[in-house]
Amino acid sequence: MSQRVHVAGVGMVPFATPRTSEPYDVMGEKATRAALGDAGIDYERVQQAYVGYVYGDSTCGQAALYRVGQSGIPVINVTNNCSTGSSALFLARQAIESGAVDCVLALGFEQMRRGALGMGWQDRPSPLVRFDEVAHAIQGESDAPFAAQYFGGAGAAYAAEYGLADDTLAKISVKARAHAANNPYAVFRDPVTVEQTLASPRIFGPLTRLQCCPPTCGAAAAVLCSEDFARDHGLRTDVAIKAQAMTTDTPSTFTDADMRKVVGYDMTKAAARQVYEKSGASPEDIRVVELHDCFTTNELLSYEALGLTPEGTAEKFILDGDNTYGGRVVTNPSGGLLSKGHPLGATGLAQCAELVWQLRGQADARQVENVNLALQHNIGLGGAAVVTLYEKVS
């Protein structure tokens, strides 16, 4: 019989620009100690660790955790592009739910370089070759950063089908900064206007610079445990993972000639459907969500892929204010990737931390009222999507 998995502790460090960041192992240690302290447990009680990062040599996970302790436990390093942190969380949850272990640490960190994302190896095929071929066939080649080409093209495809006012996407950036103003962990906390967002340099398609997430460094962690372990060790059991799903690409990514599918719309939709089916919850039950807003275009697409609003209605969802406080569902109260920052390996676990704080009522000025369920969405090109539903346990 599967074990119920509780999030006993979470922790993270304030995100930073590459110029001001500490080294990855220092950030990883700090986030781990914060999560252990929040859980009220010593590292020696942890039975396994899953550590996610993208830009680093093999066994960086051990290097960070050895600063906390050398207990001899299995440390498994995980890399899955931008969904790396949630992939580590997925594995940690699965290990407990299966009954293999009772207490697991999921840690994610990233020490990024300045500038746009790029491939680390130039002497071998890129894992995105097929994606590039499809993207170039649909929209031609460009000197713009590859991720902006993908997600900018996806936004253009949406606008071509449903229509989109020039300032609609910019409103997402304005919202992100407004939410981040209340988050001491966020990198960009100063407000921006629609006019400033639209006047920033054009990157690709509808995207301007202020509609793209910045390269960021940071770390976040979560301690997961079974209900029996929590009871035996006096740990809190007020937040549990109600359902979780991970999906990867299907043939539609490469055969439907649609940039929205190239960036993972179908993966997200399938993962969300699995989570709703497993949990018995519906999108109407969700009051707060941390979703993958690497670009404003992907936030808009994700509203519909997650079922928060019907297909073709995302613009109305934004204009009606249903994506923020006072609306139907508060999206990215943390400020999201656009304003909190996007250290690839840490992002999924930072989302986890924010939602745990929301469910506990510990989000301070960011607190969303009447939160009993919280939805998390983390996606990586290449590809993987992880959707997680957390619940408050009475």
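Predicted model: local features only at pLDDT ≥ 70, side-chain atom pairs only at ≥ 80, totals over all residues.
Colleague: Why is α4 called oblique to α5?

Modeller: The axes of α4 (residues 129-139) and α5 come within 11 Å and cross at roughly 50°. That angle makes α4 oblique to α5, since under 35 degrees counts as roughly parallel, over 145 as roughly antiparallel, 65 to 115 as roughly perpendicular and the rest as oblique. Axes are lines fitted to C-alpha atoms, for helices over the stretch in contact, with angles from 0 to 180 degrees between N-to-C directions.

Colleague: Which residues of α4 and α5 meet?

Modeller: From α4, Phe131, Asp132, Ala135, His136 and Gln139 meet Gln149, Tyr150 and Gly153 of α5, contact meaning heavy atoms within 4.5 Å. By class, this contact has three nonpolar, four polar and one charged residue. Here Ala, Val, Leu, Ile, Met, Phe, Trp, Tyr, Cys and Pro count as nonpolar, Asp, Glu, Lys and Arg as charged, and the others, Gly among them, as polar.

Colleague: What makes α6 roughly perpendicular to α12?

Modeller: Helix α6 (residues 168-180) packs against α12 at about 95°, and their axes are 9 Å apart. This angle makes α6 roughly perpendicular to α12. Leu169, Ile172, Ser173 and Lys175 of α6 form the contact with Thr296, Thr297, Glu299, Leu300 and Tyr303 of α12. Four of these residues are nonpolar, three polar and two charged.

Colleague: How do α11 and α12 pack, and is their crossing left-handed or right-handed?

Modeller: α11 and α12 pack at about 35°, with 9 Å between their axes, and the crossing is right-handed. Tyr265, Thr268, Lys269 and Ala272 of α11 touch Leu301, Glu304 and Ala305 of α12. The contact of α11 with α12 comprises four nonpolar, one polar and two charged residues.

Colleague: How do you know that the structure has a cavity of 30 Å³ or more?

Modeller: A search of the whole structure finds one, and the largest cavity has a volume of about 40 Å³. On a 1 Å grid over the protein atoms alone, a cavity is a set of points where a 1.4 Å probe fits but cannot get out, whereas a pocket is an open set with protein on both sides within 12 Å along at least five of seven lines; lining residues have an atom within 4 Å of a point. Points are joined across faces, edges and corners, and a volume is the space filled by probe spheres set on them.

Colleague: Which element gives the most to the lining of the largest cavity?

Modeller: α12 does, with four residues; α11, α12 and β11 (373-380) each supply at least two. The lining includes Tyr265, Thr268, Leu301, Ala305 and His377. Its classes are five nonpolar, five polar and no charged residues.

Colleague: What volume has the second largest pocket, and what lines it?

Modeller: The second largest pocket holds about 170 Å³ of space. Of its 13 lining residues, Tyr162, Asp258, Arg260, Tyr265 and Glu311 are the closest to its centre. The lining has five nonpolar, no polar and eight charged residues.

Colleague: What is the omega of the cis peptide bond that joins Gly382 and Gly383?

Modeller: Omega is about 0° there, and Gly383 lies in the loop between β11 and β12 (384-392).

Definitions and conventions: Residues numbered from 1 in each chain as written. Heavy atoms only, no water. Left-handed = near helix turned anticlockwise from the far one by under 90°.
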